[in-house]
Amino acid sequence: MFALRWLRFQEALRREGIELAALIPGANLFYLTGLSFHRMERPIVALFPIEGDPALILPSFEIEKAQAAPIPWRFFSYTDEEGPVSAFQRAAETLGVSGRPIAVETLAMRVMEWSLLAQAFRASEPIPAEPLLARLRMIKGPEEIAAMRRAVAVAEEALRMWLPQIRIGMTEREAARRLIQACFAAGADALAFEPIVVAGPSTALPHATPSDRPMERGELMLVDFGVVVDGYVSDLTRTFALGEPDPVWDRIYEVVREANAAGRAAVRPGIPAEAVDRAARAVIEAAGYGAYFIHRTGHGLGLEVHEPPYIVAGNATLLQPGMTFTIEPGIYLPGKGGVRIEDDVVVTETGGESLTAFPRELMRIGESHDS
Ligand code: CO
């Protein structure tokens, strides 16, 4: 699988006339080679030239790990005492690339790596490698979708284990701590990101942080979380009522639920990504809450929690079978509260399928049911 991927990447570079790509540890390098390293102060840079085998600049103690990947690496290693400068120079001499633009991850590469590359390769400019990699990564294969299904199943199981533990009066932070425990108990390899568990006014902030504030009766509680299984992530948001909320929230919740359903129903191959955003947004606008839906409808999902395709106005990328992304419309009333319902979908040959199936009705929770 990996052997095929880096060769396809090399082919893409050749088509674009880019002589060299340099990637640092992260989702792209994992996708191409199956290798993951800590992103630390010791630079690790993988070089993919247009011709010939890839090269890996890395600390010498990491070579053994890198050899496990089915890639015909040429290694340029350095010790802590030496430092990385000469390894970069040896790599540049061996690859014979000088004075050319280099494709790099402009969203991730640090000034440290770029400076070392620019000096050794006399690189004229960085060009974004992300669009090339996105074209490969956006279309998930069956084994990738299977991993995402597992990540969704674990998240939904965690949510089922966690909800009965929630009590009115519990702090957001305590609820978040219990959710993290439920994720690992359900089989998560890791968390996809720090879970958002907030209630009351904080739900009006799409990316609020759990606090020590107790969650009160009548408030909404919003939970947005996901897990990693076999490298792939899930990302799920549900909004619950702690006891009985003000009736206005029932109405707002219904609008968001319809918008989520309209977004999911719109998914099919051949339409632009922005059409899914339009479908969800139209429902919220028609209900008069357009000004309170303050973010895009969704984002691609896979090895990373945010990756292409983005479900946003202006994105003309045509949906293709195997693309996976979230649909997460929301309505946020500043200072009062907000509702978001997020599902993970995959584009199929004929339409779209939601990987997430957790109930979308507004559930009342938080009361003790001991009697
Ligand atoms: Co999301």
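Before we start, one rule about angles: those under 35 degrees count as roughly parallel, over 145 as roughly antiparallel, 65 to 115 as roughly perpendicular, and the rest as oblique. Please keep in mind that this is a predicted model.

**Exercise 1.** Find how the axes of helix H9 and helix H10 cross, and name their relative direction.

Solution. 
- Step 1: Locate H9 at residues 247-266 and H10 at residues 273-286.
- Step 2: Their axes come within 8 Å and cross at roughly 155°.
- Step 3: An angle over 145 degrees counts as roughly antiparallel, and H9 and H10 are therefore roughly antiparallel to each other.
- Step 4: For the handedness, H9 passes H10 in a right-handed crossing.

**Exercise 2.** Work out which residues of H9 meet H10, and what classes the contact contains.

Solution. 
- Step 1: On the H9 side, look for Val255, Glu258, Ala259, Ala262, Gly263 and Ala266.
- Step 2: Their partners in H10 are Val276, Ala279, Ala280, Val283 and Ile284.
- Step 3: Sorted by class, the contact of H9 with H10 has 9 nonpolar, 1 polar and 1 charged residues.

**Exercise 3.** Describe the crossing of helix H4 and helix H5 and the contact between them.

Solution. 
- Step 1: H4 covers residues 85-95 and H5 covers residues 111-120; their axes come within 9 Å and cross at roughly 45°.
- Step 2: By the angle rule, H4 and H5 are therefore oblique to each other.
- Step 3: The crossing of H4 and H5 is right-handed.
- Step 4: H4 brings Val85, Phe88, Gln89 and Ala92 to the contact, while H5 brings Glu113, Leu116, Leu117 and Ala120.
- Step 5: The residues of this contact of H4 with H5 divide into 6 nonpolar, 1 polar and 1 charged.

**Exercise 4.** Decide how many residues of helix H6 are buried, and list them.

Solution. 
- Step 1: The buried residues are Glu130, Leu132, Leu133, Ala134, Leu136 and Arg137.

**Exercise 5.** Check whether the radius of gyration of the chain agrees with that of a compact globule.

Solution. 
- Step 1: With 371 residues, a compact globule would have a radius of gyration near 21 Å.
- Step 2: The chain has 23 Å, which agrees.
- Step 3: To complete the picture, the C-alpha trace spans about 75 × 45 × 35 Å along its principal axes, and the chain holds 10 helices and 20 strands.

Technical notes:
Residues are numbered from 1 along each chain as its sequence is written. This is a predicted model: local features need pLDDT of at least 70, side-chain atom pairs count only at pLDDT 80 or more; totals for chains, interfaces and linings use all residues. Side-chain values use heavy atoms; hydrogens and water are left out. Axes are lines fitted to C-alpha atoms, for helices over the stretch in contact, and angles run from 0 to 180 degrees between N-to-C directions. Helices (H or I, at least four residues) and strands (E, at least two) are DSSP runs, numbered from the N terminus. A crossing is left-handed if the near helix is turned anticlockwise from the far one by less than a right angle, and right-handed if clockwise. Contact means heavy atoms within 4.5 Å. Ala, Val, Leu, Ile, Met, Phe, Trp, Tyr, Cys and Pro count as nonpolar, Asp, Glu, Lys and Arg as charged, and the others, Gly among them, as polar. The radius of gyration is taken over C-alpha atoms; the globule rule is 2.2 Å times the number of residues to the power 0.38. Buried means under 20% relative accessible area, exposed over 50%, partly exposed in between (1.4 Å probe, protein chains only).
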